[in-house]
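Subject: Structure handover

Hi,

Here is the structure for your files. My notes on it follow below.

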Amino acid sequence: MTALFLLFVLGCFIVLSFQAPFIAALAYVWADIADPQKSGYGFIRTMPLSMITASFAFILYFLTDRKYPPKLNITMFCLILFALWVTFTTFWAVLPDAAWHKWESAIKVLLFASLMPLFFRTRVQIEAVLLVFNFSLLNYFLPRAVKFVLGQAVYNMGDAGNSGLNETSTIALVCAMLIPLNLYFAKYSVIFTNPLIRRPLFYGIALLCPLAILNTFARTGLVALGVFGLIRFFQSRKKFQYILFAFLFTIPFLFIAPDSWFGRMNTIQTFESDYSAMTRIAVWAGTIDYVSQHPWGGGFGAYRDQSGVYFDINIAGRAYHNSFIEVLGEHGYAGIILFAIIHLSTLASLRRMIKLTGNDESQLSLHELLKTLFIMHIVYLAGSNFIGIAFQSSSYYVIAITMCLANYVSRIYVAPARAAPVHAYLR
Amino acid sequence: MITIGTVLIPQLLILYVIYRAYVFFRAKGVGYFDFPPAGSPVNGNDTVIKRTGQ
């Protein structure tokens, strides 16, 4: 039954794509994040949905929707270069089988992110992709939040595996990223136009995020929540009211959180005596040594090739637990430079657009969206210091949407100056 | 029951999003495609729906 329902959803995507080609790209986002093959049963499990939807999106784009191609900016250029570079490093990977396996998912993420500005050019399209991204992730954190409310919080749910978005720290970080996005939609969504539906829906989802974070028992989630709170504090004009609200908002969570959760969070302060936290620091030190001997990187999964004892801990076979160290160890100095440029240019682009739209009252909702994406990206960067998610798609969607918005902003600010007709950008 | 609900709800919301995006896309109005000015009739209130049917 679940398989049939998911197939029905896929059918809806495909049927509507013939009339509105960007919906095929939305189907890819859904297939990539929600991973319906895993949620469903029967024949849908064997379908290569990501490949089907991505191929369909590109075919439709080239046949019917090839209008106003985006400008090549530094982020897009570095994304394409990074995709090429990780392919090269896979050729000389120390563990080729594992490397090619991870390359298959990484290359998909990098290439689709770099090409997303082809598909999403207008407000409704950009909002639609962010909503599909948001609701696809709901598949992962809704069960966690519901179980937490029902008093079934456990450290390791164990029923969904521990990889990708089912990994506790990863979903905790993604939930923290989604809070500002849902707060934005609660105010500014044009797809959910009725405020009686829009506000409860998105404020409700924003409330589910911290509940799901609590149910992951992941310290990364708490750090990411802290970073989010801190940014909002600095952005807030009424700082005293903000502190009061944050305090009152936190109290109920502290009452419903189980004792085991407090026990786990306390290890943040005592990281020197916590084996898990110290192992990460040892692996980071080991990777810096490893890359000095392998300056071009060891390829995907190179952590399995590392060995040695650091801080009295044997790091053989230990994962990176840091996205930057992950890229450094796997793709060397060139990889980390490209990776850093992608993230820094995204932040710089967002800062530039926030400044540009800040003085323009007619672009209030765009300005707020840019600020939201900026917070999401900072939260991701903070959390990714504790988990190896350099090729996890969520952050690349934020980067890709930033590129879409950069094209949009250049159209509304640069194009009118060149007297381009407004209707040229409608579709 | 929780599993069915947690699979069903996100997918229904996604179906609504693609339906609405499709309707907007076919409507071809300027306001539907740009970030509307603050306080304008298309700044996320019901007026958008009414215009869509045109």
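**What was found**

A:Ile197 sits in helix H9 (residues 195-216) of chain A. Helices here are DSSP runs of H or I with at least four residues, strands are runs of E with at least two, and both are numbered from the N terminus. This is a predicted model: local features need pLDDT of at least 70, side-chain atom pairs count only at pLDDT 80 or more, and totals for chains, interfaces and linings use all residues. Residues are numbered from 1 along each chain as its sequence is written, while chains are lettered from A and ligands numbered from 1 in the order in which they are written.

Is A:Ile197 buried or exposed? A:Ile197 is exposed, because 12 other C-beta atoms lie within 10 Å. The cut-offs: buried means 20 or more other C-beta atoms within 10 Å of the residue's own, exposed means 12 or fewer, partly exposed is in between, and C-beta atoms are placed from the backbone. From A:Ile197 to A:Ala246 is 49 residues in sequence and 25 Å in space, C-alpha to C-alpha.

**Chain A overall**

Chain A has 16 helices and two strands. Its radius of gyration is 22 Å, close to the 22 Å from the globule rule for 427 residues, so chain A is as compact as a globular protein of that length. That radius is taken over C-alpha atoms, and the rule is 2.2 Å times the number of residues to the power 0.38. The C-alpha trace of chain A spans about 65 × 55 × 50 Å along its principal axes. Of the 427 residues in chain A, 48% are buried.

**One helix pair**

Helix H14 (residues 323-358) of chain A packs against helix H16 (residues 393-413) of chain A at an angle of about 35°, with the axes 10 Å apart. Axes are lines fitted to C-alpha atoms, for helices over the stretch in contact; angles run from 0 to 180 degrees between N-to-C directions. Contact residues include A:Ile342 and A:Leu350 of H14(A), and A:Ile399 and A:Leu405 of H16(A). Contact means C-beta atoms, placed from the backbone, within 7 Å.

**Confidence**

The model scores ipTM 0.86 and pTM 0.87. Chain B averages a pLDDT (the predictor's confidence in each residue, from 0 to 100) of 63. In chain B, 44% of the residues score at least 70. Over residues 36-54 of chain B, pLDDT stays under 50.

Technical notes
Contact = placed C-beta atoms within 7 Å.
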